[in-house]
Amino acid sequence: MRELLNDLDRWQKKGKKIAVARVIDLEGSGPRLPGAAMAVNEDGEVVGSVSGGCVEGAVVVEALEVIETGERRTVTFGYSDDEAFAVGLTCGGTIHLFLEPLDW
Amino acid sequence: MSDESTPLYNVLAAAIRAEEPVALATVIEGPNTGAKLLVTPDDDSMGTLGTAGLDRVVERDVLGELASGRSGIRHYGENGEAREEAVSVFIESFAAPPQMLIFGAVDFTAALGRVAKILGYRVTVCDARPIFATKQRFPMADQVVVDWPNRLLEDVGESLGPRDAVCVLTHDNKFDVPAITHALDTEVGYIGVMGSRKTHDNRSKRLREAGVDDAGFERLRSPIGLDLGARTPEETAISICAEIIALRTGRTAPRPLRDTDGAIHQE
């Protein structure tokens, strides 16, 4: 969250709607610990990261839906090998993310 | 100018920027998903997770997690009951940054200060010589102190803990020995001391005379840093910070990843 603050402030000043995704749990191997965060604004601009770049694209899609609906959600990404084109972590771990609008 | 529609976020952001410890508890599952409690050690909490009972129990748990800088999920009953799972709460700790005290105002200090800032340390440079210990020479430092290292440690030693580091780069016995003995009196997690093998042997003798025992020597990383073959101040700074990371994670050998197996990211 620390590294997102300047961009979040800038977006807020412009009146942009924002969703924040945070890693809340990690099973097995994974690059980022609970607390790692990324934020997406209504224009699709992105700051921060929640993995080594494996799932960020899918998180943007989820975050834009959260901005649109205003509804919070938990999303899980697991190992990607069993479904060749599914989004997941190549390192074999599972991460759980919590996504919510920045409305608090 | 902060946004009035995000009062909790504003307080959280201000505390993080001021490097004050703060934690955010968020209901991620259960009634009131998204409800939040913002907790700081000294002020009243802000917000609510839904019930006064839940707030009270979570606040207590959050203060414990914050003290050790941990983040994770905990489960409670709707009124904070233990051994129930009606509510899942994600507790995120924003501990104050760890401190690194660097003694000796030399080129190695500037390089180490820069790498330490990348790693998130609050960096203090200390040297007794006012012409060397200047903010101009160490713009990356959060604080530059002109004083004897042992006197600075007498002032701030109590605030040092397992996440913090003391790096003694003076390699002059007159400064090193009192700095090291005072650092050993603190709870600091890492004490590294620079010097050649010869300097190290000579200094060890002086330290022994000053009353440092085997347990004390066991804590000292001397000569400082991992065996990376570092030459320049910048490379040396990397070898020192790599040693600090390895000490924290309990990995001892600076071997290349190519020659080891096991998880790259340790849990």
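Reply: A hairpin and its surroundings

In chain B, six residues separate the strands of the hairpin made by E1(B) and E2(B), and Gly30(B) in this hairpin has a positive phi near 115 degrees. The model is predicted, so local features need pLDDT of at least 70 and side-chain atom pairs count only at pLDDT 80 or more, whereas totals for chains, interfaces and linings use all residues. Residues are numbered from 1 along each chain as its sequence is written, chains are lettered from A and ligands numbered from 1 in the order in which they are written, and side-chain values use heavy atoms, with hydrogens and water left out.

Strand E1 of chain B comprises residues 22-29; four bridges join this strand to E2(B), and the two run antiparallel. Strands (E, at least two residues) and helices (H or I, at least four residues) are DSSP runs numbered from the N terminus, and two strands pair if DSSP finds at least two bridges between them. Within this pairing, Thr26(B) stands opposite Lys36(B) of E2(B).

Strand E2(B) has a partner in E3(B) as well. Three bridges connect E2(B) with strand E3 of chain B, residues 46-48, and these strands also run antiparallel. Here Lys36(B) stands opposite Thr48(B) in E3(B). E2(B) and E3(B) form a hairpin, with six residues between them.

Are the two faces of strand E2(B) covered or uncovered? Both are covered: in this strand of residues 36-39, Lys36(B) and Leu38(B) are buried on one side, and Leu37(B) and Val39(B) are buried on the other. Buried means under 20% relative accessible area, exposed over 50%, and partly exposed in between, with a 1.4 Å probe and protein chains only. In a regular strand the side chains alternate between the two faces of the sheet.

The wider chain may now be considered. Chain B has eight helices and 11 strands. Its C-alpha trace spans about 65 × 45 × 35 Å along the principal axes. Of its 267 residues, 47% count as buried.

One of the helices is H8 of chain B, residues 233-249, which contains Ala237(B). Ala237(B) counts as buried because its relative accessible area is 1%. The C-alpha atoms of Ala237(B) and Ala116(B) are separated by 8.3 Å, although these residues lie 121 apart along the chain.

A disulfide is a covalent bond between the sulfur atoms of two cysteines. The rule applied here asks for a pair of cysteine sulfur atoms within 2.5 Å, and by this rule there are zero disulfides over all chains. Cys167(B) is in no disulfide, and the nearest cysteine sulfur, that of Cys241(B), is 7.1 Å away. Cys241(B), likewise, is in no disulfide; the nearest cysteine sulfur to it belongs to Cys167(B), at 7.1 Å. Cys167(B) counts as buried because its relative accessibility is 0%. Cys241(B) is buried too, since its relative accessible area is 3%.

Chain A also contains antiparallel strands. Five of them form an open sheet in the order E3-E2-E1-E5-E4, with antiparallel pairing. Its edge strands are E3 (46-48) and E4 (73-77) of chain A, each of which pairs on one side only. Strand E2 of chain A, residues 37-41, is joined to E3(A) by three bridges, and these two strands run antiparallel. Met38(A) stands opposite Gly48(A) in E3(A).
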